[in-house]
Amino acid sequence: MARVIFLTDFSEAYARELLLGMARYAHDTAQAWSLCRLPLSIRDKFGIEAVVEWAVRMKADAVIGQFYNTDNVELFRKNGIIAIAQDFKKRFTTIPNITGPHYSAGRMAAEYFLQKGFRNFAFYGTRGIDFSDERCQGFRETIEAANPEFTFSSLRSSAQNDLWYYDSTQLITWLQSLPKPVAIMACDDNQAYHITEACLQIEGGGKFPHPERHRHSGRGQRRDDLQALH
């Protein structure tokens, strides 16, 4: 029986679906898996060394999870444990990564809005995080290829340890500056919530702009949120 530790933020739908996929795969294989969920608080409070210690104590064969690029993931290999990184901030070069076709996700979002007849586009995300940067690139390049005269704007904050922090004043100012109607792609659900919250603070409780939401999910990738603001 393979012993696998899953280290992630279980409050995220993406992580829960990833765990479900792992459980289904384990169920379908000839060799059963023993899956152990480990909260990120262990790593954040005691460091990656505590995760390694726990994995050794559990006699784990592998650890799949969110690692900071500053984490010494080499410690897993030294203890005979396979480490696989969940798509988080930056991909690792020394261990395998679970990732997705993020450029294609941005292209799909652009194609959806182009079919709707939009001429103004924007992207809201986080700079320096692979999945956000690649989605922005796919979104922008598809729009530019469709018509160089279409407008495009992006607001991407710098990557921080706290990915949930954002400057609401900056976001509101940016949203108000965009030509309307405008189609906005947010890099993930969390950033889309920021847009919705900012909209509620504009013009007395969200009378302007009005969000229209469309969601799609792709294999091995987060769900994307698209907003049409009028």
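Where is the place of lysine 59?

1. Lysine 59 lies in the loop between helix H3 (48-57) and strand S3 (62-65), helices (H or I, at least four residues) and strands (E, at least two) being DSSP runs numbered from the N terminus. Lysine 59 is not a glycine, and yet its phi is positive, at about 55°. Lysine 59 is exposed, with a relative accessible area of 65%; exposed stands for over 50% relative accessible area, buried for under 20%, and partly exposed for what lies in between (1.4 Å probe, protein chains only).

2. This is a predicted model, in which local features need pLDDT of at least 70 and side-chain atom pairs count only at pLDDT 80 or more, while totals for chains, interfaces and linings use all residues. Residues are numbered from 1 along each chain as its sequence is written, and side-chain values use heavy atoms, with hydrogens and water left out.

3. The mean pLDDT (the predictor's confidence in each residue, from 0 to 100) is 85 for the chain, with 84% of the residues at 70 or more. Over residues 205-223 the pLDDT is below 50, although this stretch has 60 contacts in the model beyond near neighbours in sequence, a contact being heavy atoms within 4.5 Å. Where pLDDT is low, the predicted coordinates should not be read in detail.

4. The chain has 9 helices and 10 strands, and of its 230 residues 45% are buried. Among contacts with a separation of 6 or more, 65% are between residues 24 or more positions apart.

5. The buried residues of H6 include Phe131, Arg135, Phe139 and Thr142. An α-helix has 3.6 residues a turn, so residues three or four places apart point the same way.

6. A cis peptide bond, with omega about -5°, joins lysine 180 and proline 181, the latter placed in the loop between helix H7 (168-177) and strand S8 (182-186). The backbone oxygen of proline 181 is 3.1 Å from a polar side-chain atom of asparagine 120. Asparagine 120 belongs to strand S6 (residues 120-127) and is buried, at a relative accessible area of 13%. Beyond its neighbours within four places in sequence, asparagine 120 has contacts that include Thr151, Lys180 and Pro181.

7. Glutamine 86, in strand S4, is buried, with a relative accessible area of 2%. Its side chain makes a polar contact of 2.8 Å with the side chain of threonine 8; such a contact is a pair of N or O atoms within 3.5 Å, where within protein one must be able to donate a hydrogen and the other to accept it, and residues adjacent in sequence count only if both atoms are side-chain atoms. Not counting residues up to four places away in sequence, glutamine 86 also touches Tyr14, Gly65 and Ile98, among others.

8. There are 2 cavities of 30 Å³ or more, a cavity being a set of points, on a 1 Å grid over the protein atoms alone, where a 1.4 Å probe fits but cannot get out, with lining residues having an atom within 4 Å of a point. The second largest cavity holds about 50 Å³ of space, and its lining includes Phe67, Gln86, Phe88 and Ile98. Strand S4 (82-86) and strand S5 (97-98) each supply at least two residues of this lining.

Note on methods: On a 1 Å grid over the protein atoms alone, a cavity is a set of points where a 1.4 Å probe fits but cannot get out, and a pocket is an open set with protein on both sides within 12 Å along at least five of seven lines; lining residues have an atom within 4 Å of a point. Grid points are joined across faces, edges and corners, and a volume is the space filled by probe spheres set on the points.
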